[in-house]
Amino acid sequence: MPKLSRKSYIEEYHELGKQMFKKCTIPTVYTFADAYINKNQDAIDEINTIAEFSGSTSKITSSVNRRNDLYSNQESKTFMQSVIAANVTDITESGHFYKKLMSSCDDMTIDIDDCGSTGIEIELPIDEDTFNYRVRNHWVMELDKYVERYKDIPKKGTIH
């Protein structure tokens, strides 16, 4: 495998990124219908690929094979418990999927010269909710680090 300069590597990485959604497909409702009504093997393979990757094959299969539109009391209760626990389990599961997705990506680090973004400027002070949604787990240039805790940011001034 040839060794590329960082600049060439970044260019190749961007070219691959432009083509990602042409090559990597995610099943749609039509894909499910085509797979299970028309028995289209390509659609079935597409569903199986994402189901295996996400680890949710049994959930997808049971949902697709459902033939009754009425839910039993137990199914309703189970669903409601799932909704109530959404902030814990569903977010955790989506985090797990995100981690799997990211682990399949390249481990390249994008620096400020590569990314093409000038970032955002935030006037301080900010409340903890704003910190959690806009700043947490982001690089703060003034601190020269990723910020994970609200108490780590300055109380006044500007951060980028």
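Helices (H or I, at least four residues) and strands (E, at least two) are taken here as DSSP runs, numbered from the N terminus. In these terms, Asp-34 is found in helix α2, a helix to which the text returns below. The model is predicted, so local features need pLDDT of at least 70 and side-chain atom pairs count only at pLDDT 80 or more, whereas totals for chains, interfaces and linings use all residues. Residues are numbered from 1 along each chain as its sequence is written, and side-chain values use heavy atoms, with hydrogens and water left out.

Of its 160 residues, 14% are buried, where buried means under 20% relative accessible area, exposed means over 50%, and partly exposed lies in between (1.4 Å probe, protein chains only). The chain exposes about 13,300 Å², and carbon and sulfur atoms supply 57% of this area; accessible areas come from the Shrake-Rupley method with a 1.4 Å probe, and for residues only the protein chains shown count as cover. Contact means heavy atoms within 4.5 Å. Among the contacts in the chain with a separation of 6 or more, 45% join residues 24 or more positions apart.

Helix α2 spans residues 29-36, and its residues Thr-31, Asp-34 and Ala-35 are buried. Seen down the helix axis, these buried residues fall within an arc of 100 degrees, so they line one face of α2; the arc is that of the directions from the helix axis to the C-beta atoms.

Thr-31 has a relative accessible area of 8%, and beyond its neighbours within four places in sequence it is in contact with Ala-43, Glu-46 and Ile-47. Asp-34, not counting residues up to four places away in sequence, touches Lys-39, Asn-40 and Ala-43. Asp-34 is buried yet has no salt bridge, and the nearest side chain of opposite charge, Lys-39, is 11 Å away. Here Lys and Arg count as positive and Asp and Glu as negative, while His and the chain ends are not counted. A salt bridge is a side-chain nitrogen of Lys or Arg within 4 Å of a carboxyl oxygen of Asp or Glu. Lys-39 itself is found in the loop between α2 and α3 and is exposed, with a relative accessible area of 58%.

Leu-124, leaving aside its neighbours within four places in sequence, is in contact with residues including Ile-153, Pro-154 and Ile-159.

Most residues other than glycine have a negative phi, and most peptide bonds are trans. A cis peptide bond joins Leu-124 and Pro-125, with omega at about 5 degrees, and Pro-125 has its place in the loop between β1 and α8. Lys-39 has a positive phi, near 55 degrees. Asp-144 likewise has a phi near 55 degrees; Asp-144 lies in the loop between β2 and β3 and is exposed, at 57% relative accessible area.

The loop between β2 (138-140) and β3 (145-147) also holds Leu-143, which is partly exposed at 27% relative accessibility. Leu-143 is in contact with Asp-152, Ile-153 and Pro-154, leaving aside its neighbours within four places in sequence.

Finally, the structure holds two salt bridges. Lys-145 pairs with Asp-152, the closest N and O atoms being 3.8 Å apart, and Asp-152 also meets Arg-149 in a salt bridge (3.1 Å, N to O). Relative accessible area is 35% for Lys-145 and 22% for Asp-152, and Arg-149 counts as partly exposed at 47%.
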